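Please bring the model up on your screens, and I will walk through it one part at a time.

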There are 2 protein chains.
Amino acid sequence: MHTRNAFGLVVLLFVLAACATGGPSGGRLVLEDEGSFFVNGQSYRSEHPGASLNTGAAPPGNITIKQMYVQYRVPAEKSGPAIVMVHGSQHTGKTYETTPDGREGWATWFVRRGHPVYVVDQAGRGRSGFNPTPVNAVRDRGGDPKALPIFFLGPIERAWANFRFGPEYPKPYPGLQFPLEALDQYLAQLVPNSETTLEGGGVNTVNALAALLDKIGPAVIFVHSQSGVYGLDVVRKRPNLVRALVSVEGGCETLTSKDAAGPFSKVPFVSVWGDNSVGAWGVNGDKRRNGCVQAVNYIQSAGGKATFLLLPEAGVKGNSHMMMMDKNNLEVAGLIRRWISENVR
Amino acid sequence: MHTRNAFGLVVLLFVLAACATGGPSGGRLVLEDEGSFFVNGQSYRSEHPGASLNTGAAPPGNITIKQMYVQYRVPAEKSGPAIVMVHGSQHTGKTYETTPDGREGWATWFVRRGHPVYVVDQAGRGRSGFNPTPVNAVRDRGGDPKALPIFFLGPIERAWANFRFGPEYPKPYPGLQFPLEALDQYLAQLVPNSETTLEGGGVNTVNALAALLDKIGPAVIFVHSQSGVYGLDVVRKRPNLVRALVSVEGGCETLTSKDAAGPFSKVPFVSVWGDNSVGAWGVNGDKRRNGCVQAVNYIQSAGGKATFLLLPEAGVKGNSHMMMMDKNNLEVAGLIRRWISENVR
């Protein structure tokens, strides 16, 4: 081989290697773009914007509420549809980032597989902010404490069974895939459900997701737990912009046979469930799961594409309600990605 | 030139170009790693964790509070010290991301220039969550409304002068660099100061920043506005781990001549100020700026490295208090990066 040519090839291989490998998580990541923006913000006159500890009380004026924070990563090499990832109750977009024990999360993994990924904080939560007025109003006017919004943040003793780490705190299920050794990192990501400060609560996230699709175009939507029913609403609002709805143990109970014959006739749907939900008494047990079996049946009966994926039936054992953080989270992601490739045009 | 060699070079140049260009913002970005984690979380027994709208009231139990969310991006090619970016009052880490009008923010820009960048949400704000207990306690027990924490979120009519968009709402300063055409996107990023739900308030961010440095090692710290004094406290706590403190219109009023002769004798300091602050009556006017001139004088007198950088004196005009979002934000970033290269060992 010609010497100069060999040198060129060596340098080429070195550059290719530098583009493809390395990194303590899943390896080097080449992005075309990344950034963040808001959708659905609305100007609101607050009569009680509160007082700065530094500069004193603020007179009434206009603040922005109901906005939804969206952070996006676009891979340099695209090989799949855009994905919007929506978290559940007491969580933020952090749900889909690095796992509690420091492994790669779904947000990064799907980017690495060629999908533009949009991770949101539900309207009223996390970086989407919330409306302070209902609290400040009670404080400033000496109002009725019962008028205060409820800020729910479930303690671990309760979350344990609901998120199916085990039958009761602190006993884990045998073979549990959730990284309990990093429980402190997991609990740090939980936040109060402050969307209760917004008129309509979760409706604002539905509206914001519709606005997001109007802005970015058609996308697959991932919903989790609480946001399962929000996903159904987004399909109803934007059937032509949802390329598929991936419901990770999301509630399905509002889906009717009329929905199945209507918007869901053209939107593929998969309901993914982990292990140990059969017989489970918590919110993520039999009732919610059976509602999803029924939803899948409705859609299939109407001729649409719908899949009920119970992971242990597919040979994938031990997954909790927080399967995007479980030790086999990328195996689950792989199953979902295969379903997308088989069901999304 | 040999044909095969020429082919190899063409492919090589193509690959190099693919690694370096493209993208609607600042171009292709090659990361060694990216992800997120928490520091400083503490387990806390909440007697009033609130009630889920879905599953009802929760009994008392353990939640996590005082944690700080950290999102990091590590470039594939490193050519500068790690940077931790801390936002100010009513903001989150979004401050340093994409600008309101969709241009590249400082977080991405410094990564592109070879710095590992860690963007935080102050403890008690945004993705760091907050403690819902003080609100729920008043609600559940019918307690004294005056015991409620204050959730401050300043209206635009007030922020306008404080952030120096203009002398009074809605009149802008002539030559203002802030992208007022995207004011709606900017206002969407403001959130209530919910760290008031945490005992100690901002102290928790100081403690969390110290814990972050203990974890990641020495770094340059950027602080803005409210977090200016937090940065001074971090230098006092970890003088050997702060490689420099970059204070973007941060408060300097707690810095003493004793600090200057102590921890600041080995930590380079720069106080960066935008335009139109001279004679400004708001919180980011003469008083705060003069406090920073005094701090710089203290450090210089004690033999340390300190710079007072008033941008209009350096020929850079029209910058607001939110200079990381201004139209010339990358010009300002370039000045700061040059200061780092000249002052950080």
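Which residue lies over the face of Phe37(B)? It is Lys215(B), which sits at 4.7 Å from the centre of that ring. If you turn to chain A, you will find Lys215(A) over the face of Phe37(A), at 4.7 Å from the ring centre. Before I go further, please keep in mind that what we are looking at is a predicted model.

Let me say next how the chains are arranged. In general, two copies of a chain are related by a rotation about an axis together with a shift along it.

Now to the aromatic rings. Over all chains, the structure holds 38 aromatic pairs. One of them is formed by Phe38(B) and Tyr69(B), whose ring centres are 5.6 Å apart and whose planes make an angle of 55 degrees, so that the pair counts as tilted. This pair links distant parts of the chain, since Phe38(B) belongs to strand 1 (residues 29-39) of chain B and Tyr69(B) to strand 6 (residues 68-75) of chain B, 31 residues apart. Why does Phe38(B) count as buried? Its relative accessibility is 3%, and buried means under 20%. Tyr69(B), at 0% relative accessibility, counts as buried too.

Another pair in chain B joins Phe178(B) and Tyr186(B), and this one is edge-to-face, with 5.2 Å from centre to centre and 75 degrees between the planes. Both Phe178(B) and Tyr186(B) are buried. In chain A, one aromatic cluster is formed by Trp160(A), Phe163(A), Phe165(A), Tyr169(A), Phe178(A) and Tyr186(A).

Let us move on to the strands and helices of chain A. In which sense do strand 11 (residues 269-273) and strand 12 (residues 306-310) of chain A pair? They pair in the parallel sense, over five bridges, and Ser271(A) stands opposite Phe308(A) in strand 12 of chain A. Between these strands the chain crosses through helix 9 (residues 286-301) of chain A, and the β-α-β crossover made in this way is right-handed.

With a relative accessible area of 8%, Asn328(A) is buried, and, leaving aside residues up to four places away in sequence, it touches Gln177(A), Val316(A), Lys317(A) and Asn319(A).

Helix 3 (residues 133-141) of chain A has several buried residues, among them Val135(A), Ala137(A) and Arg139(A). What covers the buried residues of this helix includes strand 2 (42-46) and strand 5 (61-65) of chain A. After helix 3 of chain A comes Gly142(A), whose phi is positive, near 60 degrees.

I will finish with Arg236(A), which lies in helix 7 (residues 228-237) of chain A and, at 26% relative accessibility, counts as partly exposed. Not counting residues up to four places away in sequence, Arg236(A) touches Thr254(A), Leu255(A), Asp259(A) and Pro263(A).

Terms used:
Residues numbered from 1 in each chain as written. Chains lettered and ligands numbered in written order. Predicted model: local features only at pLDDT ≥ 70, side-chain atom pairs only at ≥ 80, totals over all residues. Heavy atoms only, no water. Phe/Tyr/Trp six-rings, centres within 6.5 Å; stacked < 30°, edge-to-face > 60°. Helix = DSSP H or I, 4+ residues; strand = E, 2+ residues; numbered from the N terminus. Buried < 20%, exposed > 50% of the residue type's maximum accessible area, 1.4 Å probe, protein only. Lys NZ or Arg CZ within 6 Å of the ring centre and 35° of its normal. Pairing = 2+ DSSP bridges. Right-handed = clockwise from strand over helix to strand, strands pointing away. Contact = heavy atoms within 4.5 Å.
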